[in-house]
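Biologist: I'm new to this one. Could you walk me through it?

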Amino acid sequence: VGVNAETGKYEPQLATEWKLQTDGRSFRFKLREGVKFHGNRGEFGPDALIEALKLQSTQTEIPGVVSTSNVYGLLNPLIAGIDKTGPAEVLLRLKATDGTFMLTISEQRGVFYMVNAQHFNELGQPDWQTGPASGTGPYEYADRAEGQFFRYQRVSYHHWRVTPDFPEFEFRVVAEASTRMAAM
């Protein structure tokens with residue numbers, strides 16, 4: 001769910017429509033069709049959304065490391081379940097009424113990421129060798145070098161939301177403050 005920068009109102013993105021149901025604890029979402037995952041890893045839809053939500057609302061344990069999704073603490077206490085109700089529709093049930101739920105899943109809070117759960121499970125917890133799991137954004141992961149940079153490239157196909165102005169961008173890791181300023 002997007003947020004209009006000028007009005008602050010919610011606006012369609014991957015969810016094109018949503019409606020709070022009469023029970024006050026369920027939302028029906030209609031989903032955008034034809035959205036591709038990076039790396040030719042299938043399309044976004046109800047099944048992909050359900051798997052991503054499951055992935056991000058559970059604690060992940062890795063031998064020797066306990067890692068918690070950045071949204072585990074926000075989503076797990078809220079969501080009772082989610083069901084596919086059509087080819088591009090889901091019903092999401094909350095454990096209780098929650099006036100901040102839409103904020104929690106919107107880009108304004110920016111904590112619920114649409115990732116391909118199958119790709120995430122193949123990779124395991126992302127690290128310097130694997131890179132992140134594929135997503136749906138206008139830029140996709142290209143490469144990185146530990147302690148040096150992260151590089152992303154514009155997707156090669158027509159993106160459903162925006163065509164970025166730049167073909168790629170790079171986040172550089174620069175430890176020294178004066179060098180960071182000089183690089184700008």
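Modeller: Glu89 forms one with Arg28, and their closest N and O atoms are 3.0 Å apart. Keep in mind that this is a predicted model, where local features need pLDDT of at least 70, side-chain atom pairs count only at pLDDT 80 or more, and totals for chains, interfaces and linings use all residues. Residues are numbered from 1 along each chain as its sequence is written, and side-chain values use heavy atoms, with hydrogens and water left out.

Biologist: How many residues apart in sequence are the parts that Glu89 and Arg28 tie together?

Modeller: Helices (H or I, at least four residues) and strands (E, at least two) are DSSP runs, numbered from the N terminus. Glu89 lies in strand S8 and Arg28 in strand S4, so the pair ties together parts that are 61 residues apart.

Biologist: Is Glu89 buried or exposed?

Modeller: Buried means under 20% relative accessible area, exposed over 50%, and partly exposed in between (1.4 Å probe, protein chains only). Glu89 has 16% relative accessibility, so it counts as buried.

Biologist: Which strands stand at the edges of the sheet?

Modeller: Strands pair if DSSP finds at least two bridges between them. The open sheet has 4 strands in the order S3-S4-S8-S7, with antiparallel pairing. One side of each edge strand has no neighbour in the sheet because each has a single partner strand; these are S3 (15–20) and S7 (79–86).

Biologist: In S8, which residue is the bridge partner of Ile82?

Modeller: S7 and S8 (residues 89–94) run antiparallel, joined by 6 bridges. In S8, the partner of Ile82 is Leu92.

Biologist: What angle does the direction of helix H1 make with that of S7?

Modeller: H1 (residues 46–56) packs on the sheet, touching S4 (26–31), S7 and S8, where contact means heavy atoms within 4.5 Å. Axes are lines fitted to C-alpha atoms, for helices over the stretch in contact, and angles run from 0 to 180 degrees between N-to-C directions. For H1 and S7, that gives about 170°.

Biologist: How many residues of H1 are buried?

Modeller: Among them are Leu49, Ile50 and Leu53. H1 is largely enclosed by the rest of the structure, because of its 11 residues the buried ones number 8.

Biologist: Which residues are linked in a network of salt bridges?

Modeller: Arg151 pairs with Asp143, the closest N and O atoms being 3.0 Å apart. Arg172 meets Glu170 at 2.7 Å, N to O. The network links Asp143, Arg151, Glu170 and Arg172.

Key:
Salt bridge = Lys/Arg side-chain N within 4 Å of Asp/Glu carboxyl O.
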